[in-house]
Amino acid sequence: MVNAYYELATQFYEWGWGSSFHFAYRLPCESFSESIRRHEYYLAGRLGVNPNEKVLDVGCGIGGPYRNIARFTGANITGITINQYQVQRANELNAKIGMSDQVHSDEGDFMNLPYEADSFDGIYAIEATCHAPSRKGVYSQVFRALKPGKIFACYEWCITDLYDSSNPFHVKIKKQIEEGDGLPDMCKPSSVLEALKETGFEIIEARDMALDANPGGITWYQPLTPSYNIFSQRFQFTTIGMVITRLALRVLEFIKLAPDGTNKVQGMLQQAAIGCANGGKTGTFTPMYLVVARKPMDK
């Protein structure tokens, strides 16, 4: 059931978003794809890796970020994801563009990384470790696999300090995100930092990039807000767009052109997107809490 969800969700993400499953705000005159790459390059720049060094992408999806980061840094990147379909799709795309010698995906659980201790010159995660049942658990695995003195950098999904558990609308936002994206209980940035420190990391930098000044730019959540432009993927978030999408998928399921469960998964993802958008508007949720941490040399 979990694999079926991930496979369908992956297909929806790739169709509607591209091969990099994450958010980014857009600077003035910047395209969506340019903003996605810039967001990845920014994180990669924090790793300080050199060409041919070994890097791990924790929760890599279908490898969009690691292909871009490999081109940017010259590093050799391994991605790990728990879903076999994502591994297959990532490695297909790697081969298609001739990058199989530089990047590849492994199937595995980031709560039990199948790599030797002190294996990687840099490790990063982009909006992935929010799926971990324990932040300390996944950070401990990252700590073990990272070489001493090297950097772990990540973008975390967090509820912010503006979140009020006594506010019904805030609670609904959190529930939509967690249930729609299959997440455990989301935490605040302070819990992320505490888990990293308890694991042994030294915090170098930590901030919510959603709060970056961006005059004239476009927010990270704008693609998730309704638009009555029928040629925009934002049309699905309008009332009529939701009805049309739901009916179309039911028909496609009925005539066996879409797998059973497609409509249900799309509905879950759509509700999660609405929750994310409202979380962005209220400032109670961020998908880009940046943390840069170092493994001490003596560990």
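Select S2, helix H4 (residues 84-96) and S3 in this predicted model: together they make a right-handed β-α-β unit. Strand S2 covers residues 76-81 and is joined to S3 by five bridges, the two strands running parallel. To see one of these positions, show Thr81 and its bridge partner in S3, Glu107.

Now widen the selection to the sheet. It is an open sheet of seven strands, and reading across it gives the order S3-S2-S1-S4-S5-S7-S6, with mixed pairing. Strand S3 (103-107) is one edge and strand S6 (202-208) is the other, each pairing on one side only. On average, and with direction ignored, neighbouring strands of the sheet are turned by 20 degrees against each other.

Next, select S4 (residues 120-126) and S5 (residues 146-159). These strands run parallel and are joined by six bridges. Display Ile126 and look across to S5, where Tyr155 stands opposite.

H2 lies across strand S1 (54-58), S4, S5, S6 and strand S7 (285-294). Relative to S5, the helix runs at about 145 degrees.

Turn to the aromatic side chains. The whole structure holds 13 aromatic pairs. Start with Trp157 and Phe285: their ring centres are 5.2 Å apart and their planes stand at 80 degrees, so this pair is edge-to-face. Trp157 belongs to strand S5 and Phe285 to strand S7, so the pair links parts of the chain that are 128 residues apart. Both Trp157 and Phe285 are buried.

Move on to Trp220 and Tyr221. This aromatic pair is also edge-to-face, at 5.4 Å centre to centre and with 85 degrees between the planes. Trp220 is buried, as is Tyr221. To bring these rings together in one view, select Trp17, Phe23, Phe32, Trp157, Trp220, Tyr221 and Phe285, which ring pairs link into a cluster.

Two lysines placed over rings come next. Show Lys54 with Phe120: the lysine lies over the face of the ring, 5.2 Å from the ring centre. Then show Lys295 with Phe143, where the lysine again lies over the ring face, at 5.0 Å from the centre.

Finish at Met297, in the segment after S7. How is this residue classed, buried or exposed? Its relative accessible area is 65%, which is over the 50% limit, so Met297 counts as exposed. Leaving aside neighbours within four places in sequence, Met297 is in contact with Pro148 and Gly149.

Conventions
Residues are numbered from 1 along each chain as its sequence is written. This is a predicted model: local features need pLDDT of at least 70, side-chain atom pairs count only at pLDDT 80 or more; totals for chains, interfaces and linings use all residues. Side-chain values use heavy atoms; hydrogens and water are left out. Two strands pair if DSSP finds at least two bridges between them. Helices (H or I, at least four residues) and strands (E, at least two) are DSSP runs, numbered from the N terminus. Axes are lines fitted to C-alpha atoms, for helices over the stretch in contact, and angles run from 0 to 180 degrees between N-to-C directions. Contact means heavy atoms within 4.5 Å. Rings of Phe, Tyr and Trp (its six-membered ring) pair if their centres lie within 6.5 Å; planes under 30 degrees apart count as stacked, over 60 as edge-to-face and the rest as tilted. Buried means under 20% relative accessible area, exposed over 50%, partly exposed in between (1.4 Å probe, protein chains only). A charge sits over a ring if NZ of Lys or CZ of Arg is within 6 Å of the ring centre and within 35 degrees of the ring normal. A crossover is right-handed if, with the strands pointing away from the viewer, the path from the first strand over the helix to the second runs clockwise.
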